[in-house]
Amino acid sequence: MRKKIIFIDVDGPLAWGSWDDGKVTINAGMMNEFTIPYAWDVADCEALKTILDETNAKLVLSSDWRFHFSFRQMKDIFQHYGIHPSHLLDMTCQF
């Protein structure tokens, strides 16, 4: 069976703020709290979640966000917005 992969950016599909537009605190468990520079659009995240749930696709992050946050933090951000972290498969490398 073939895997379905969606390469996704953050800015545009999920968020459209400017850096430091309004920080959002991500609580990722005991003493593992960090902030992101602006909120993601909840409706867009819900639409992505529906697509992922209905297609069983996985995500590969191709966004500049991968330069500012670790893979674990990106999973926590997706979870904060209702997208199960298991949907995030990988991030593209920084060439």
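Tutor: We will go from the whole chain to two residues.
Tutor: This is a predicted model, where local features need pLDDT of at least 70, side-chain atom pairs count only at pLDDT 80 or more, and totals for chains, interfaces and linings use all residues. Residues are numbered from 1 along each chain as its sequence is written, and side-chain values use heavy atoms, with hydrogens and water left out.

Student: How do you know what counts as a helix or a strand in the protein chain?
Tutor: Both are DSSP runs, numbered from the N terminus: helices are H or I with at least four residues, strands are E with at least two. By that test the protein chain has two helices and five strands. Their pattern along the sequence is β-β-β-α-β-α-β.

Student: Why is the protein chain called as compact as a globular protein of its length?
Tutor: Set its radius of gyration against the globule rule. The radius is taken over C-alpha atoms, and the rule is 2.2 Å times the number of residues to the power 0.38. The rule gives 12 Å for 95 residues and the protein chain has 13 Å, which is close, so the chain is as compact as a globular protein of that length.

Student: Why is Ser63 called buried?
Tutor: Buried means under 20% relative accessible area, exposed over 50%, and partly exposed in between (1.4 Å probe, protein chains only). Ser63 has 0% relative accessibility, so Ser63 counts as buried. Ser63 sits in the loop between strand 4 (58-61) and helix 2 (71-80). In the protein chain, 35% of the 95 residues are buried.

Student: What makes the pair Ser63 and Asp9 a polar contact?
Tutor: A polar contact is a pair of N or O atoms within 3.5 Å; within protein, one must be able to donate a hydrogen and the other to accept it, and residues adjacent in sequence count only if both atoms are side-chain atoms. The side chains of Ser63 and Asp9 are joined by such a contact of 3.1 Å.

Student: Is Ile83 buried or exposed?
Tutor: The relative accessible area of Ile83 is 1%, so Ile83 is buried. Ile83 lies in the loop between helix 2 and strand 5 (88-91).

Student: Which residues does Ile83 contact, beyond its neighbours within four places in sequence?
Tutor: Contact means heavy atoms within 4.5 Å. With those neighbours left aside, Ile83 is in contact with Cys45, Leu48, Lys49, Leu52 and Phe78. Take Leu52: Ile83 and Leu52 are 31 residues apart in sequence and 8.6 Å apart in space, C-alpha to C-alpha.
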